[in-house]
Amino acid sequence: MPGITSAELVESDDTTVTVRTNEGLMTRTGISVHTDTDAIVVEFTENYEAGNATTATALFRETFTTQDDQVMYHLQISDRHASGVLGALFRTFGARSTGRGFLAATAAVLDKPAPS
């Protein structure tokens, strides 16, 4: 989520991670990593409880490939669901900022120079 300014690991295992943020509780389940010769694909379902206001759920699929010595990143967010009036506002106005937030955060990591 784009507005996250703090995060604390609550629990984790091989396929699940739960993080408490300044905005609420985020749980990612069904985490899977598929590695091929030309791509790495990470998939998970995210359940995000934003305080008492609303809970949003979405399926994430991140694909990393290389081309001409550059990492190409593709993010697909699907099956979004958020309940209630605030959920409707999130689905209508929050989807674009959520996607942009994930892309910006990933770019900040991928664009760092490799350690020497």
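Start by selecting strands S3 and S4: these two strands form a hairpin, with 3 residues between them. The model on your screen is predicted.

Keep both strands selected. S3 and S4 run antiparallel and are joined by 9 bridges. Then move to Met 26, which stands opposite Tyr 48 in S4.

**The neighbour on the other side of S3**

S2 is joined to strand S3, residues 25-35, by 4 bridges, and the two run antiparallel. Select Val 19 and you will find that Val 19 stands opposite Met 26 in S3.

Next, select Gly 24. The hairpin of S2 and S3 has 3 residues between the strands, and Gly 24 in this hairpin takes a positive phi near 160°.

**The whole sheet**

Now show every strand. There are 6 strands in an open sheet, in the order S1-S2-S3-S4-S5-S6, and the pairing is antiparallel. At the edges are strand S1 (7-12) and S6, each of which pairs on one side only. From one strand to the next, the twist averages 20°. As background, strands of a sheet pair through backbone hydrogen bonds, either parallel or antiparallel.

Select S4 and S5. These strands run antiparallel, with 12 bridges joining them.

Select S5 and S6 next. This pair is antiparallel as well, over 11 bridges. Pick Leu 59 and look across to S6, where its bridge partner is Ser 78.

Zoom in on the end of S5. Gln 67 is found in this strand, which covers residues 54-67. Is Gln 67 buried, partly exposed or exposed? Its relative accessibility is 47%, so Gln 67 counts as partly exposed. Select Asp 38 along with Gln 67: the two are 29 residues apart in sequence, and their C-alpha atoms are 9.2 Å apart in space.

Go on to Asp 68, which lies in the loop between S5 and S6. The hairpin of these two strands has 2 residues between them. What is the phi of Asp 68? Asp 68 has a positive phi of about 50°, although it is not a glycine. Asp 69 is found in the loop between S5 and S6 too, and its phi is also positive, near 60°. For comparison, most residues other than glycine have a negative phi.

Colour the model by accessibility at this point. Asp 68 has a relative accessible area of 70%, so it is exposed. Asp 69 reaches 84% relative accessibility and therefore counts as exposed. The cut-off for exposed is over 50%.

**The nonpolar core**

Turn to the side chains. Which residues make up the largest nonpolar core? Select Val 42, Phe 44, Ala 58, Phe 60, Tyr 73 and Leu 75, 6 residues in all. Strand S4 (39-50), S5 and strand S6 (70-82) each supply at least two residues of this core. In general, nonpolar side chains in soluble globular proteins tend to be buried together.

Pick out Ala 58 from this set. Leaving aside residues up to four places away in sequence, Ala 58 touches Phe 44, Thr 45, Glu 46, Ile 77, Ser 78, Asp 79 and Arg 80.

**The aromatic rings**

Hide all but the aromatic side chains. How many aromatic pairs does the structure hold? It holds 2 aromatic pairs. Select Phe 44 and Phe 60: their ring centres are 5.0 Å apart and their planes are at 10°, so this pair is stacked. Phe 44 is in strand S4 and Phe 60 in strand S5, 16 residues apart, and the pair links distant parts of the chain. Both Phe 44 and Phe 60 are buried.

Move to Phe 64 and Tyr 73. Their ring centres are 5.0 Å apart with the planes at 45°, so this pair is tilted. Phe 64 counts as partly exposed because its relative accessibility is 22%.

For the last stop, select Arg 28 and return to Phe 60. The charged end of Arg 28 sits over the ring of Phe 60, 5.9 Å from the ring centre.

Key
Residues numbered from 1 in each chain as written. Predicted model: local features only at pLDDT ≥ 70, side-chain atom pairs only at ≥ 80, totals over all residues. Heavy atoms only, no water. Buried < 20%, exposed > 50% of the residue type's maximum accessible area, 1.4 Å probe, protein only. Core = buried A, V, L, I, M, F, W, Y, C linked by side-chain atoms within 4.5 Å. Contact = heavy atoms within 4.5 Å. Pairing = 2+ DSSP bridges. Axes fitted to C-alpha atoms, helices over the stretch in contact; angles between N-to-C directions. Phe/Tyr/Trp six-rings, centres within 6.5 Å; stacked < 30°, edge-to-face > 60°. Lys NZ or Arg CZ within 6 Å of the ring centre and 35° of its normal.
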